[in-house]
Structures are given as C-alpha cells and as structure tokens.
Amino acid sequence: MTQEERKQIMYAAGRENALALQGEAPGLTGTELYAKDAIIPDFQAAKTNANMLTRQAGFVCKSTAGRVVRLIQPYDSDTYPQEPEDLPAQWGFAWSQNPAHALPFISLATSPYMMGDVCTENGTVYRSTHDDNIWAPSSYPDWWEVATDDWEPPVVEPEEPDPVPDPEPEPEQPEGAKANPITASRGMTYQYGLYYYDPEDSKTYLCQRQGGSGTVTLNYLPHELVLQYFVEV
C-alpha cells in the first residue's frame, strides 16, 4: 500500500467519524464535545464548503478561537461571514467542565456558563459556581472558583430499565368448566353440563344426554359411555 493510499484511507475514516459526530452531537454535553474536538470541523472550512443556509440546525463546528458552537438558526454566511462570537443569535456556545479544555472567558447572554463550566482569565482556570453566569471572574469573583487539577468526568449511572410488570394471572375457572374439568372416577355422581377429565385416556368429556338434567351416578368412566352420557371435547 502506498503512502497516498494510506492518506486516502485515513481521510475517509476521518470524514466518516466527523459525519457520525454530527448525528451524535444533539445528545452530547459540552464536555463530551470538547473531548472530540479533533473531528469537529473548523467554522471557516465548514463555511467555505457550504453556506450556513444549507446546514441543519444543530450543526457543530469550532470557531477560529477554538470554541465549540452549535448552529441555532441557518443563515446566509456569504452575507454574514463573521465568526460565531460575533453572531451569538445564530450560534449556541458549548462549554467544557474539563480544565484541560478551558478557553478565555467571553460574556454571551445567549450562552451563559452553567455550574461546573470552566474558562480562563489572565492565565488562571476558573470554574463557575452558579448557573446562567455571564460575569467575568475578575468582575464577579463570588460566582467563580479556581479550578483544581484533580477534575474527573462525572460518572453517569445507567438508567434502570422500567420493571417488567408481572403478567395478569389467568382468571381461575370454576370446577367443572372446560378449562378446569373434574377428574372422573367410577361410582361418582356426575352433573349434566359439566366437564370431566377421564384419567384412563387423558381426555375431557362433557356430561350430556338428551333430555338429561340434574345429576346421574355411574359406575363407569366417561370414555366407556360416549354418546350415552358423555361427549368428547
């Protein structure tokens, strides 16, 4: 395999991963997106390849400053070629909670920092201690703390599947019903209209006789009196 062929394979794999990321992006947090920034396209390259009018809302790319952004509303990027930082109505900014991916603070009312999100200011990494934070650490220090190096990604416990309900028990059939026949024996009293299980041939019979009603005592099993007192079912 030539070096050029290897390059083509690597390029195809990278493109496939980048396309797959766009499908996953709606369900990813800012922290998860920044962890995949190597396969997130740059804004300028994405804008050159296709006008943002043709992109779907939710399209993810990186500004020149390295900030991960999601397209909120498709727009004509030929008429408005500015970076996402200058078009906050069109772009939603994602922030990471990993200090390794902290970027210089920027105040955007449309994309505030949430609790746990990080930024840098004057070379120091800060972590937001409040939601909806649009204040710089230097101007509102009570809403920030210095981020430590011992950060670990939060452990997301898998959701417990909904318990499978026990099946509804079958309603109990009365004794003598077709589904619950009475076990027959010699010399027993049979009742017309009820069903009986014959233990000798393992079949079920209906006690039935033309004009018969009430009960009858028989010294025989049902299979011995078929068409006389019983009908096989």
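Predicted model: local features only at pLDDT ≥ 70, side-chain atom pairs only at ≥ 80, totals over all residues.
A nonpolar core is a set of buried Ala, Val, Leu, Ile, Met, Phe, Trp, Tyr and Cys residues joined through side-chain atoms within 4.5 Å; buried means under 20% relative accessible area, exposed over 50%, and partly exposed in between (1.4 Å probe, protein chains only). Residues are numbered from 1 along each chain as its sequence is written, and side-chain values use heavy atoms, with hydrogens and water left out.

- Beyond its neighbours within four places in sequence, Phe-59 is in contact (heavy atoms within 4.5 Å) with Gln-22, Pro-41, Ala-46, Met-52, Val-69, Arg-70, Leu-71 and Trp-91.

**Aromatic and charge–ring arrangements**

- The structure holds 12 aromatic pairs; rings of Phe, Tyr and Trp (its six-membered ring) pair if their centres lie within 6.5 Å, and planes under 30 degrees apart count as stacked, over 60 as edge-to-face and the rest as tilted.
- Phe-43 and Trp-91 form an edge-to-face pair, because their ring centres are 5.8 Å apart and their planes stand at 90°.
- This pair links distant parts of the chain, with Phe-43 in helix H3 and Trp-91 in strand S3, 48 residues apart.
- Phe-43 is buried at a relative accessible area of 0%, and Trp-91 is likewise buried at 0%.
- Tyr-140 and Trp-143 are also edge-to-face, because the centres of their rings lie 5.5 Å apart with the planes at 85°.
- Tyr-140 is partly exposed, at 36% relative accessibility, and Trp-143 is partly exposed at 21%.
- One aromatic cluster is formed by Phe-93, Trp-95, Phe-105, Tyr-113 and Trp-144.
- Arg-55 lies over the face of Phe-59, at 4.4 Å from the ring centre; a charge sits over a ring if NZ of Lys or CZ of Arg is within 6 Å of the ring centre and within 35 degrees of the ring normal.

**The open sheet**

- Strands S7, S9, S10 and S12 form an open sheet in the order S7-S9-S10-S12, with mixed pairing; two strands pair if DSSP finds at least two bridges between them.
- Strand S7 (182–183) and strand S12 (230–232) stand at the edges, where each has a single partner strand, so one side of each is left without a neighbour in the sheet.
- Strand S10 (residues 203–207) runs antiparallel to S12 and is joined to S12 by 3 bridges.
- Tyr-205 stands opposite Glu-232 in S12.
- In the loop between strand S9 (195–198) and S10 lies Ser-202, whose phi is positive, near 60°, in a residue other than glycine.

- Strands S4 and S5 pair in the antiparallel sense over 4 bridges, and the bridge partner of Val-118 in S5 is Arg-127.
- Most residues other than glycine have a negative phi.
- Asn-122 is placed in the loop between strand S4 (118–121) and strand S5 (124–128) and is exposed, at 77% relative accessibility.

**Gly-176**

- Gly-176 is in the loop between strand S6 (144–146) and S7, and is buried with a relative accessible area of 3%.
- Leaving aside neighbours within four places in sequence, Gly-176 is in contact with Pro-181, Ile-182, Leu-194 and Tyr-195.
- Gly-176 and Pro-141 are 35 residues apart along the chain, and their C-alpha atoms are separated by 83 Å.

How values were computed
Helix = DSSP H or I, 4+ residues; strand = E, 2+ residues; numbered from the N terminus.
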